Amino acid sequence: GDAHFLLGDYEEAIATFQRCLTRGPNFLAPHRTLAVIFNQLGRSEEAAAQIAEVLRISPRATVRSQEARIFFQDPDLCARYLDGLRQAGLPE
């Protein structure tokens with residue numbers, strides 16, 4: 001899913017992350033990245049639903065707490081990712 005996300009192949013990333021979540025619905029990372037993808041696609045309700053799942057799994061999750069979990073080396077990509085979480089509704 002991350003590879004498709006990084007390549008900008010959002011539909012395949014969505015499909016991959018959704019398959020992942022059928023096996024592990026409490027795995028935080030797919031929900032987080034789906035929120036970013038849905039936000040980038042203008043699918044705000046779906047982005048908000050993914051943020052709700054992030055907060056269900058990790059009630060204290062914030063943009064700041066998630067920053068430490070993001071592995072992207074490119075600072076611009078990391079900033080855009082965090083901004084996507086913020087726009088999707090994750091608290092600071």
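What covers the buried residues of α3? Start with the ground rules. This is a predicted model, in which local features need pLDDT of at least 70, side-chain atom pairs count only at pLDDT 80 or more, and totals for chains, interfaces and linings use all residues. Residues are numbered from 1 along each chain as its sequence is written, and side-chain values use heavy atoms, with hydrogens and water left out.

Take the whole chain. It has six helices and zero strands. Helices and strands here are DSSP runs, numbered from the N terminus: a helix is H or I with at least four residues, a strand is E with at least two. From the N terminus on, the order reads α-α-α-α-α-α.

Next comes overall size. The C-alpha atoms fill a box of roughly 30 × 30 × 25 Å, taken along the principal axes. A compact globule of 92 residues would have a radius of gyration near 12 Å, and the chain agrees, with 12 Å. That radius is taken over C-alpha atoms, and the globule rule is 2.2 Å times the number of residues to the power 0.38.

Now the surface. The accessible surface comes to about 5,300 Å², and 52% of it belongs to carbon and sulfur atoms. Such areas come from the Shrake-Rupley method with a 1.4 Å probe; for residues, only the protein chains shown count as cover. Buried residues make up 38% of the 92 residues. Buried means under 20% relative accessible area, exposed means over 50%, and partly exposed lies in between (1.4 Å probe, protein chains only).

Contacts tell how the chain folds back on itself. A contact means heavy atoms within 4.5 Å. Look at the contacts with a separation of 6 or more: residues 24 or more positions apart account for 58% of them.

Return to α3, residues 28–40. Its 13 residues should span 18 Å at 1.5 Å a residue, and its end C-alpha atoms are 19 Å apart, which agrees. The expected span is 1.5 Å times one less than the number of residues. Because 11 of the 13 residues are buried, α3 is largely enclosed by the rest of the structure. Among the buried ones are Leu28, Pro30, His31, Leu34 and Phe38. Their cover includes α1 (2–7), α2 (10–23), α4, α5 (63–67) and α6 (75–88). After α3 comes Gly42, whose phi is positive, near 75°.

Helix α2 is one of the covering elements. Its 14 residues should span 20 Å, and its end C-alpha atoms are 20 Å apart, which agrees. Which residues of α2 are buried? They are Ala13, Ile14, Thr16, Phe17 and Leu21. These pack against α1, α3 and α4. Cys20 also sits in α2. At 25% relative accessibility, Cys20 counts as partly exposed. Leaving aside neighbours within four places in sequence, Cys20 is in contact with Phe27 and Pro30.

Follow that contact to Phe27. This residue belongs to the loop between α2 and α3. Phe27 is partly exposed, with a relative accessible area of 46%. Not counting residues up to four places away, Phe27 touches Cys20, Leu21 and Ile57.

Move on to α4, residues 44–57. Beyond its neighbours within four places in sequence, Gln50 contacts Leu21, His31, Leu34, Ala35 and Phe38. At 27%, Leu55 counts as partly exposed. The C-alpha atoms of Leu55 and Arg32 are 23 residues apart along the chain and separated by 9.9 Å.

Finally, α5 holds Val63. With a relative accessible area of 2%, Val63 is buried. Leaving aside neighbours within four places in sequence, Val63 is in contact with Leu82, Arg86, Leu90, Pro91 and Glu92. Val63 and Ile37 are 26 residues apart along the chain, and their C-alpha atoms are separated by 16 Å.
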